[in-house]
Amino acid sequence: MSGKIQHQSKKADVTSIINKSSDIETASIDTVDHDEKRLEELGYKQEFKREINLFVQAGFAFSTMAVLPNWLIGFAGAMSAGGPMSLFWGIVVVSPFVLCIALSMAEVFSAYPVNGGVYSWCYLLSSEKWGPLMSWLCGYIFVGGLVTGAMTLAYSMAEYTIAISNIVNEDQITNSGVYVGLYCAYLLLGVVYSYFGVKFSGYLNQFMVFWVLIGSTIIIITMPAMAPTHHSATWVFTEFQNSTGYQNSGLAFFLGLLQAGWTLIGYENGAQIAEGTKNAARTGPRGIIIAVIGAIFQSLALCISTLFSIQDLDELLESSFPLGTLFVRATTPKLAVFFLVIVCVSQFASLCNTLFTVSQLMWSMSRDKCLPNHLVWYNLSNNYQMPVRLLLLVALICTVLIMPSLASSVYWSAMMSTSVICLNVAYGLPYFCRLVWKRDIVHKGPFNLGRYSLMINFFAVAWIAFFGVILCIPSVHPVDPVTMNWASLMIGAILIFSLVFWFISGRKNFMGPIKTLGDDIKKK
């Protein structure tokens, strides 16, 4: 009798396990079906396998922002335009506005979880008459921002590599040809990794979350702990320096915000993999917000640690490799090399994510006939579902555009300014469209801002407009060909190209993002 009861109990346990497994499998299928149904409602067919969860979404945005390797790229400029105050209080000033942009983005992502991100959202939030043009302009501005961003990331990786070599070896590398050679090598390596698609991108970003968190913790604790001397809290939080040549201290401080602006950017990139994300309407917004909040705290911790650990500020400002000099003076050469390896690996992940993002965006634009010869580019590899031709095109464009750096040492810094401005403008255009044409619209996604939506949208657009103007001002005065802020010229070139191409072809052939499903399917 006892054996019979035990047998029945085991049978019940097995049945319970099977039922639970079936429930989990059903829930997973329901999520996929819901994602596919929502995509159908927006007029698109499911073309990517949904493999991305919340951890990968948040990791993708966080790794693309790459605070650890990027927050000291413009160190010399920030210290000249405000000093320590610009570095620390710049993050404090910029962060609330970045959160406004991120919250607005998360709300729209939740309502319209489609690849293309801000490019597609501009069309959906504009009037029927202006939608195609706004979407067109946003797409090209966003591509310009991502391409120049990828260039900055690859070039900074070349700098970090040369810094490692110069610390280890007595013979110092100063030839600009070496920079460009390493730049091209890292670009190619990023293209090769990105070729393996969403799944491998997920592996990279899961690894990078732990790599960045552990690496940041090591650097934040070790650097001030080993530094021979420390600055006072008064110097760290209140010291103001202005060697820009401008008499207005307020303007000097605002010019120093470029560093914070460059550090806290890249969080939109998760929207480019929306159609490969599970439960995208909820997962995508959460990923953006988690990444931005994490990046803000990471920025503040790194900033405080660095400012207390600086030994010789003048040496740091005159150094060709400020980050390498900072690590060597605060710790030891061997630890400096170790820290630079941590930074370089983090930067590579950001480069891969940016290349992945721009290829996905351009694929969406080619799907919508927004790119020249769109049929050539609207192609996915059979094995990994990646637009390989577009990846190679982006690498070619980046290689051609870096060549002027052989003749000008300030050229690549203009690329960084161009990227920050273009990305911020692209981020703000959907909310500008909504404020102009669809103020009464209520987003129906699971994540929404309710009655605060329009107010937060307004603050996001106002900040982007103000910040864009500031970043176009030359960083020093008086201005000469070397110190000129060429970012405005580059942005102008992007706008002129997109507008000329619009009047030649776009206004006749581009009707906005094309629906890949027929009306009969969409109605079901």
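## How two helices cross

A crossing of two helices is called left-handed if the near helix is turned anticlockwise from the far one by less than a right angle, and right-handed if the turn is clockwise. In this predicted model, the crossing of helix 7 and helix 18 is right-handed.

These two helices pack with their axes 10 Å apart, at an angle of about 70°. Angles of 65 to 115 degrees count as roughly perpendicular, and helix 7 and helix 18 are therefore described as roughly perpendicular to each other.

## The residues in contact

On the side of helix 7, the contact is made by V147, A150, M151 and Y155, while helix 18 contributes I397, C398, L401 and I402. Sorted by class, the residues of this contact between helix 7 and helix 18 comprise eight nonpolar ones, with no polar and no charged residues.

## The second largest pocket

The second largest pocket of the model has a volume of about 600 Å³. It is lined by 19 residues, of which V143, I397, L401, I494 and F497 are the closest to the centre of the pocket.

By class, the lining of the second largest pocket holds 16 nonpolar and three polar residues, and no charged residues.

Methods
Residues are numbered from 1 along each chain as its sequence is written. This is a predicted model: local features need pLDDT of at least 70, side-chain atom pairs count only at pLDDT 80 or more; totals for chains, interfaces and linings use all residues. Side-chain values use heavy atoms; hydrogens and water are left out. On a 1 Å grid over the protein atoms alone, a cavity is a set of points where a 1.4 Å probe fits but cannot get out, and a pocket is an open set with protein on both sides within 12 Å along at least five of seven lines; lining residues have an atom within 4 Å of a point. Grid points are joined across faces, edges and corners, and a volume is the space filled by probe spheres set on the points. Ala, Val, Leu, Ile, Met, Phe, Trp, Tyr, Cys and Pro count as nonpolar, Asp, Glu, Lys and Arg as charged, and the others, Gly among them, as polar. Axes are lines fitted to C-alpha atoms, for helices over the stretch in contact, and angles run from 0 to 180 degrees between N-to-C directions. Helices (H or I, at least four residues) and strands (E, at least two) are DSSP runs, numbered from the N terminus. Angles under 35 degrees count as roughly parallel, over 145 as roughly antiparallel, 65 to 115 as roughly perpendicular and the rest as oblique. Contact means heavy atoms within 4.5 Å.
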